[in-house]
Amino acid sequence: MALTPTPETAPPRAPAVWARLVGLATIDTTPLRRHREFRLLWIGQLVSFFGSMVTSVAIPYQVYQLSHSTLLVGALELVSFVPLVTLGMIGGAFADAHDRRRLVLLCGAVMMATAAVLAGNSLLAQPLLAVIFVVEFSRSAVYAMQRPSLDALLPRLVDRDELAAAGALNSLRGTFGMIVGPALGGIMIALLGLPVTYGVEILGFGFSLLMLWLMRAVPPPTGAEAVSAGRILEGLRYARSRQELIGTYAVDMVAMFFGMPEALFPALAEHLGGARVLGLLYAAPAVGSLLTTATSGWTGRVHRHGRAVILAALAWGLAIIGFGLARDLGLALVFLALAGGADMISGIFRMVIWNQTIPDRLRGRLAGIELISYTSGPTLGNFEAGAVAAAFGVTASILSGGVLCVLGAAVCALLLPRFRRYDSRAPQPLAGN
């Protein structure tokens, strides 16, 4: 006689299985539902980042309209890159010594003021080009001071097992802004003009400041000391002592330095359909990132995060190779979207490793290192891609970059075994946090 299944041994009902599968294939919104402070921060940053992405189109557009120089438009990136590299660690030291919410709030107020300067300059009969460059440098410097505090807030606002879900939500917020913001910015410039377009960012920062003001204070870690060169060096020494962290920096730098093709998009657009397809090339990776984050519920069940970062970097390199071999627009966009999705997976798991292995008392300084890491790679990578293309051609630049990315990620996996074997279930040495 067959045994009657008990609740413990009976197979799950079909609706329950279906609900579980859907949960794995959709974004986990638990951190937003459970934690008020995270919810306020996330909503505020969503609105302010959207406004910043609108302005990211307006600034280069205005520079070109005033100068008719692509060189000056390109110089905007260099002007913003310098303070990021020089001030990132200092901003991290401040994040470890002061109330992180207050620092984000103060920096946001300064950013709002810079947006007002841009709007006022655009109202002049003859807007000043120098003002735009000074504002761009200033905004980048303030961002370098703010971003470590913003990143260091996350582990204080959600539970440890929710870090992957929170990272995916933050990525969704960012990719939404990167897709919708520039598109709306172009439309607003054409229909409403630059002053109104800059005004959107002012309103965005204003809303973000309100959300930050409603949040509770996030006091500095116990035993926090004043900012000093010694405190900054302490963060560097800790990063060097953790192979898991070195791996996240190294793999991302390799992937971005060899496999970043954005500098080649204008040249490629000439062969794929002209200027009308250029925006599609820029948007395709962000679309892939958005689709990945929207289906990222499974990431919370992954524990071998180092291996996941390595596999994502390999997938990025392979997708870039596919992009280089593509001979029609549709296939090129598909491979760019796949690359963007792989990059987003890498970003989610790198963030989890950072937040699980870094003591709270060092979180700001290590966030400064992370800022330098993930901003340097794309900038240097675009320069590398352009230089190789000038010498050997666009296709050779893309293909060689993709191949070197794959090889570089494999070498990192071999040379950094603790990073490769990182498992979030193993006890982490967070003494002193």
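How many salt bridges does a search of the whole structure find? The search finds nine, where a salt bridge is a side-chain nitrogen of Lys or Arg within 4 Å of a carboxyl oxygen of Asp or Glu. The model is predicted, and local features need pLDDT of at least 70, while side-chain atom pairs count only at pLDDT 80 or more and totals for chains, interfaces and linings use all residues. Residues are numbered from 1 along each chain as its sequence is written, and side-chain values use heavy atoms, with hydrogens and water left out.

The protein has 17 helices and zero strands; both are DSSP runs numbered from the N terminus, helices being H or I with at least four residues and strands E with at least two. Of its 433 residues, 50% count as buried, a class that covers relative accessible areas under 20%, with exposed meaning over 50% and partly exposed lying in between (1.4 Å probe, protein chains only).

Helix packing comes next. Helix α3 (residues 36–67) and helix α7 (residues 163–192) have axes that come within 7 Å and cross at roughly 35°. Here the axes are lines fitted to C-alpha atoms, for helices over the stretch in contact, and angles run from 0 to 180 degrees between N-to-C directions. The crossing of α3 past α7 is right-handed, that is, the near helix is turned clockwise from the far one by less than a right angle, anticlockwise being left-handed. Residues of this contact comprise 19 nonpolar, eight polar and one charged. In this count Ala, Val, Leu, Ile, Met, Phe, Trp, Tyr, Cys and Pro are nonpolar, Asp, Glu, Lys and Arg are charged, and the others, Gly among them, are polar.

The nonpolar cores can be described in turn. A nonpolar core is a set of buried Ala, Val, Leu, Ile, Met, Phe, Trp, Tyr and Cys residues joined through side-chain atoms within 4.5 Å. The largest has 40 residues, of which Phe38 and Leu366 touch the most other members. Helix α7 gives the most to this core, with six residues. Apart from neighbours within four places in sequence, Phe38 is in contact with Pro31, Leu32, Leu154, Leu157, Val158, Ala166, Leu169 and Asn170. A second, separate core holds 25 residues, including Met256, Leu264, Trp316 and Cys405.

In one of them, Glu162 pairs with Arg34, with the closest N and O atoms 2.6 Å apart. Glu162 sits in the loop between α6 (129–157) and α7, and Arg34 in helix α2 (residues 30–34), so this pair ties together parts that are 128 residues apart in sequence. Glu162 is buried, its relative accessible area being 5%. Arg139 and Glu201 form another salt bridge, again with the closest N and O atoms 2.6 Å apart. This pair links distant parts of the chain, with Arg139 in helix α6 and Glu201 in helix α8 (residues 194–214), 62 residues apart; both Arg139 and Glu201 are buried.

A further salt bridge joins the side chains of Arg147 and Asp151 (2.9 Å, N to O). These two residues are four apart in helix α6, and are therefore separated by about one helical turn. Arg147 is partly exposed at 23% relative accessibility, whereas Asp151 is buried at 17%. Salt bridges that share partners also join Arg34, Asp159 and Glu162 into one network.

Helix α6 also holds Ser149 and Leu153. Ser149 is buried, with a relative accessible area of 0%, and Leu153 likewise counts as buried at 0%. Beyond residues up to four places away in sequence, Ser149 is in contact with Ala95, Arg100, Leu103 and Val104, and Leu153 touches Leu41, Arg100, Arg101, Val104 and Val218. Leu153 and Val104 are 49 residues apart in sequence, with a C-alpha to C-alpha distance of 9.6 Å.

Arg425 lies in the segment after α17 (417–420) and counts as exposed, at 56% relative accessibility. Not counting residues up to four places away in sequence, Arg425 touches His303 and Arg304. Although Arg425 and Arg304 are 121 residues apart along the chain, their C-alpha atoms are separated by 8.6 Å.

Key. Contact = heavy atoms within 4.5 Å.
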